[in-house]
Amino acid sequence: MAGELSLYLKIALDLRDQLRQGAFEFDFNRFPSRSSIRERYKVSNMTACRVQNELVRMGVAYNVRGKGLFGRIDAEDPENLAETKLPIKEVLIVFPSPEAPIFPISDIALGAEAKCRELGIPSQRLIFSHGKSSRSLQLRAGEGMVVPFCLDRDFFASIVANFRGRVAVCNNYFPGTHCVLIDNVRAMRTILDALTQLGCRSFLFCTRHFVSLGMANLWERDESFRDEIARRGLTSLVYEDGNMSKLVRDLSSGAVKTDAIVGLTDEFAIKLHSMLKEAGMKRIPVITGIDGNNPRGLPLPPGTLSWQVDYPGMGARAVELLAESSMSDWVLSRIVRVPGALLQV
């Protein structure tokens, strides 16, 4: 029994050392499966199971259901403790893929870079795409990561547990990271204040008519609209299916009547106004966007409202969160919301 114990412990230590040397970087620090351990080290299934359990017990591995064990390179042990307590020395600004939309990601990155220069912290941009990264996302001592936007949950499942407190995500929410979001509650409150001052009393809220919108932003805007409508005792109708052609038919035919249409993005507001105009609608309701996300740079139509987001400010705040926290794996992840300003055309 003692020999068996020594064997599985020896294998666990060997795998831990391989992790620290970067042997598993190519697969997001995923440890070999139980069958791979069994074949590689010529051991029984029970021993391979003990190896995996020991890696978890040592604090160098965590389990992702259906995907396996992943390494925690910042586990707080005597060898790593000094390294994880270092202040931030460099910021990696990671674009989710070469195909990602440029705006507002580029504005967030510019804000992050400006804050880095102000704080005297070097920064570099990286493009991450599965199997096509410009360098490994294995964070080194003193590095922090700003991600302007990303919806790839697998990407975060593979790195967040390793780098808790060293990653700041903008425009979305992922547990275990610092998160910088749009102040959606204030935005919706301000928009509805402006619309009621214009005499609007009935409202149409359109969900799912969006492109690349962060999940947290989508949920918060939906909830904020419903809460504000209920609090003010106003009339509203919610369109949830995302079928813009049906929406245009209902509005232009008079089947649905409303004073104002609240959308999730500026891109939606511009497109809907154009479609209603082409459909021959004579009196187009006031249409609102929220986030200033207008990739084609088209001007907002007359009678349109928008909540313009401070995207460079989001990037700057992300860097501040990294700079304010130690590199300890146990740092408390923070969520902050960046305010914007009402734009009325």
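The legends below describe close-up views of a predicted model. Local features need pLDDT of at least 70 and side-chain atom pairs count only at pLDDT 80 or more, while totals for chains, interfaces and linings use all residues. Residues are numbered from 1 along each chain as its sequence is written, and side-chain values use heavy atoms, with hydrogens and water left out.

**View 1. An open sheet of six strands.** The strands follow the order β9-β8-β10-β11-β12-β14, with mixed pairing. Helices (H or I, at least four residues) and strands (E, at least two) are DSSP runs, numbered from the N terminus; two strands pair if DSSP finds at least two bridges between them. β9 (235-239) and β14 (340-344) are the edge strands, each with a single partner, so one side of each has no neighbour in the sheet. Strand β10 (residues 260-262) runs parallel to β11 (residues 286-288), and three bridges join them. Ile261 stands opposite Ile287 in β11.

**View 2. Two aromatic pairs.** A search of the whole structure finds two such pairs (ring centres of Phe, Tyr or Trp, its six-membered ring, within 6.5 Å; planes under 30 degrees apart are stacked, over 60 edge-to-face, the rest tilted). Phe24 and Phe31 have ring centres 5.5 Å apart and planes at 65°, so this pair is edge-to-face. Phe24 and Phe31 are both buried (under 20% relative accessible area; exposed is over 50%, partly exposed in between, with a 1.4 Å probe and protein chains only). For Phe205 and Phe225 the centres are 4.3 Å apart and the planes at 10°, so the pair is stacked. Phe205 belongs to strand β8 and Phe225 to helix α8 (residues 215-232), so the pair ties together parts 20 residues apart in sequence.

View 3. The closest N and O atoms of Lys115 and Glu320 are 3.0 Å apart (a salt bridge is a side-chain nitrogen of Lys or Arg within 4 Å of a carboxyl oxygen of Asp or Glu). Lys115 lies in helix α5 (residues 105-119) and Glu320 in helix α11 (residues 311-324), so the pair ties together parts 205 residues apart in sequence. Lys115 is buried, at 11% relative accessible area, whereas Glu320 is partly exposed, at 23%. Both belong to a salt-bridge network that also includes Glu118, Arg317, Glu324 and Arg334.

View 4. Lys246 and Asp250 meet through their side chains, 3.0 Å from N to O. Both residues lie in helix α9 (residues 244-252), four residues apart, about one turn of the helix. Lys246 is partly exposed, at 31% relative accessible area, and Asp250 is buried, at 15%.
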